[in-house]
Every structure is written in C-alpha cells, then in structure tokens.
Amino acid sequence: MGVAVSLDIHVDLTAFERNVSELCSRVSPAHVWVALKSHAYGHGMLELADNALKAGAHGLAVLDIDAALALRAHGVTATVFAWLHGNEARFTQAIEQSVDLGVSTFDQLDAIAAAALPIGSTASVHLKIDTGLHRNGFAAADWAKACARAREHELSGAITVKGVWSHLADAGDESDALAISKFTSAVDVALESGLKPTVRHIAASSAGLNNSDARFDIVRFGIAAYGISPFDNTDGAALGLTPVMSVASTAENHDDETVRINAGWFDGVPQNPVGAWVLVDGTRCSVLEVHPRFTVISRPEGFYDGMAVALLGNGGPSAEQWAQWSGTIGDEIVTALPSRIRRVFVR
Ligand SMILES: *Cc1c(COP(=O)(O)O)cnc(C)c1O
C-alpha cells in the first residue's frame with residue numbers, strides 16, 4: 001500500500017502518423033478513417049485525432065455520440081462517425097455538430113429524423129446492413145423497407161443517406177466474400193430506392209490490409225494504426241507498421257530471487273500470462289506473479305534498485321506477444337492500460 005504506480009506509458013506520435021500514412025497509401029484510392037474508440041485503444045483519443053488527420057486520414061470513427069462531440073469540442077472539423085446509440089443518444093447535438101451517424105434500426109432512423117426537423121438541419125446518415133456478424137445493422141429481410149423509410153425522411157429534408165456500411169466478421173475468405181456480396185446487393189437496393197449514398201464501407205484493419213475487394217470507398221482502420229497486427233500469426237512490424245505505445249518502469253528489491261515492479265493487473269499488466277518475460281537492462285526476466293498493484297519477476301544478474309524495465313516495446317515484448325501469453329488479442333493489451341495513468345506523447 002502507498003507505493004505509487006510506476007508505469008511510464010509513451011505514445012509515439014511519429015510512429016502513429018507513419019502508420020496512418022502507410023495505411024492511406026496501401027488502400028488508396030479508398031480513403032481511411034481511423035477508429036479512435038476506447039480512448040484510441042488506450043492511446044488517447046483527443047491527442048491522436050489531429051495526428052490521424054494530419055497523416056492523411058479523411059475521417060475519425062468513434063463508438064458513441066459523446067465521443068464524437070468531444071472531438072468536435074476539441075476542434076476537429078473533419079468527418080466524425082459514431083454508430084453506437086443508446087437510449088440517451090444526443091441526436092440533436094450530433095446533428096448540430098455535423099456528426100455522421102451510423103443507423104442500425106428503424107427507431108434510430110425515425111429518432112434522428114425527428115431530431116433534425118425542428119432544428120432545420122439535415123442529418124448525415126450511414127445505413128448499416130447486417131452482412132453476417134449479427135452484432136447490429138438492419139437484417140437483410142428489413143433492408144428494402146429501411147431504405148424506403150430512409151428515402152421518405154430524405155424527402156422531408158430531415159436526413160441524407162451519405163453512406164451504406166457494414167462490418168466484416170473476418171471469419172475466413174469464403175464467409176467474407178459472401179458478406180461482401182450481400183453488401184454489394186444492399187447498396188444496389190439502396191440505389192433502387194432512390195438513395196444516393198456516396199460512400200460504402202465495410203472493412204476494418206484485417207480486411208483493409210489483405211482484401212482489396214473489401215475496401216470500397218473507406219477503410220475504418222483501428223488496431224493497425226496503432227502498429228499492432230489484426231492477425232494472430234504476424235505482428236505489426238511484419239506488416240510494415242510501427243508500434244505506437246511503449247510501457248516502461250523500474251524494478252526494486254523484493255527478495256533474494258526476485259524483484260518487483262510497482263504496477264499490477266489493476267494497472268493493466270495482464271493478469272495471468274503464461275511464459276511472459278520483460279526486459280531488465282537487456283536481460284529477459286520471467287514474469288512470476290502479477291498481483292493487483294505489483295508484479296514479481298525473476299532477478300537479473302547485477303541487480304540494483306531502480307533498474308529500467310521494458311514491459312512493452314523498446315526491446316521488451318510486443319502487444320502481440322503479451323496477447324499470445326494471455327490468450328487474447330493485441331487490442332486488449334493496450335486498451336487495458338487505465339486512462340488514469342498519464343500518457344506521455346513523444347516524437
Ligand atoms: C473497432 C471497429 C473498427 C476498427 O477495427 P480494427 O479491427 O481495430 O481495425 C472499425 N469499424 C467498426 C464498426 C468497429 O467497431
């Protein structure tokens with residue numbers, strides 16, 4: 001108790017910009033939106049927003065309207081897309097602030113139109129078709145009706161359907177190809193309904209990187225922008241990307257055989273990694289126990305209090321490596337670092 005957590009979380013803005021710019025050139029002529037959900041996967045949403053745009057992204061994607069409004073308040077003027085709406089969703093403010101809204105249900109469609117009419121604004125809407133992930137989106141059986149309803153709202157001046165979108169399950173080439181063909185059919189139905197969507201988007205990092213058929217007009221890149229692989233058989237470096245986050249600490253005496261780091265699973269260190277190590281002054285030291293507020297590791301030769309420890313990056317393990325040790329994905333590793341620990345932004 002009483003020991004301050006000692007984690008230095010560095011976010012490398014140069015690496016982030018390099019990744020975004022690399023992703024932009026790989027998927028060109030499709031555009032890139034950078035997904036900044038979950039505080040930019042633990043990196044810091046507001047801090048990275050400007051850099052994503054500066055590096056060539058055409059838009060930013062966040063889960064909910066509150067995050068989108070925070071980006072607007074921060075001064076972002078580019079396209080900001082939000083698609084997860086609870087009952088309290090602030091559609092009026094979103095429309096006033098020109099937030100692009102993903103729409104998955106008739107209730108949302110009607111609520112957005114109802115919010116737009118009294119303020120004399122037109123909401124920019126992206127209709128979502130469920131192409132197999134079954135997380136949200138209009139079911140194929142409802143799609144023609146959804147397009148017809150959207151067209152009615154367009155004619156009333158309340159909305160304009162700017163996009164048709166979906167999310168790929170990344171469940172293998174065959175099921176992705178099927179999802180893409182369902183998506184293309186849905187776009188056709190939208191056009192036949194009199195809608196004139198100008199952007200179609202379905203791919204996130206994995207399909208954006210390895211499936212040119214999935215890119216359409218926009219790829220919504222999340223994890224790859226942070227230099228972490230969306231695939232479990234390669235790391236970000238192998239994909240030509242640079243990890244953006246690094247985490248360092250110092251170690252102090254614990255007992256004859258071990259030393260400790262003053263950060264534990266409460267601070268985002270994975271709780272039960274199998275086979276994990278960290279780098280202490282060039283030596284790989286096994287992670288032995290992860291406690292709530294501290295972590296016990298093996299004691300390197302010539303140990304002295306205050307030796308530097310690389311927990312992530314800088315010669316230490318990668319997020320992909322931690323993910324493998326923990327049976328999870330790289331996203332979880334970086335997103336788990338609590339926002340109460342300060343990020344230091346470096347170049
Ligand atoms: C998270 C998310 C993304 C980004 O996914 P990555 O796999 O991290 O690239 C894109 N679109 C939607 C709808 C998402 O939820």
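**Notebook: ligand site and a few local features**

I began at the ligand: a polar side-chain atom of Tyr41 lies 2.6 Å from one of its oxygen atoms. I note here that the model is a predicted one.

In Ser205, an N or O atom of the side chain is 2.5 Å from an oxygen atom of the ligand.

Which pocket does the ligand take up? I found that the space taken by the ligand is the largest pocket.

Next I listed the shell. The residues around the ligand include Ala35, Lys37, Tyr41, Trp83, Trp165 and His167. Also among them are Ala204, Ser205, Arg220, Phe221, Gly222 and Ile223. Sorted by class, the shell has seven nonpolar, three polar and two charged residues. I checked which elements contribute: helix H2 (37–42) and strand S9 (218–221) each supply at least two residues of this shell.

I stayed with helix H2 for the backbone. Ala40 lies in this helix, and its phi is near 55°, a positive value in a residue other than glycine. I record this because most residues other than glycine have a negative phi, and most peptide bonds are trans.

Where is the cis peptide bond that I noted? The bond runs from Ser28 to Pro29, with omega near 10°. Pro29 lies in the loop between helix H1 (13–27) and strand S2.

Last, I turned to the aromatic rings. The structure holds eleven aromatic pairs. Trp33 belongs to strand S2 (residues 31–35) and Phe81 to strand S4 (residues 79–82), so the pair ties together parts that are 48 residues apart in sequence.

Methods. Residues are numbered from 1 along each chain as its sequence is written. This is a predicted model: local features need pLDDT of at least 70, side-chain atom pairs count only at pLDDT 80 or more; totals for chains, interfaces and linings use all residues. Side-chain values use heavy atoms; hydrogens and water are left out. A residue is near a molecule or strand if one of its heavy atoms lies within 4 Å of it. A polar contact is a pair of N or O atoms within 3.5 Å; within protein, one must be able to donate a hydrogen and the other to accept it, and residues adjacent in sequence count only if both atoms are side-chain atoms. On a 1 Å grid over the protein atoms alone, a cavity is a set of points where a 1.4 Å probe fits but cannot get out, and a pocket is an open set with protein on both sides within 12 Å along at least five of seven lines; lining residues have an atom within 4 Å of a point. A molecule sits in a cavity or pocket if more than half of its atoms lie within 2 Å of its grid points. Helices (H or I, at least four residues) and strands (E, at least two) are DSSP runs, numbered from the N terminus. Ala, Val, Leu, Ile, Met, Phe, Trp, Tyr, Cys and Pro count as nonpolar, Asp, Glu, Lys and Arg as charged, and the others, Gly among them, as polar. Rings of Phe, Tyr and Trp (its six-membered ring) pair if their centres lie within 6.5 Å; planes under 30 degrees apart count as stacked, over 60 as edge-to-face and the rest as tilted.
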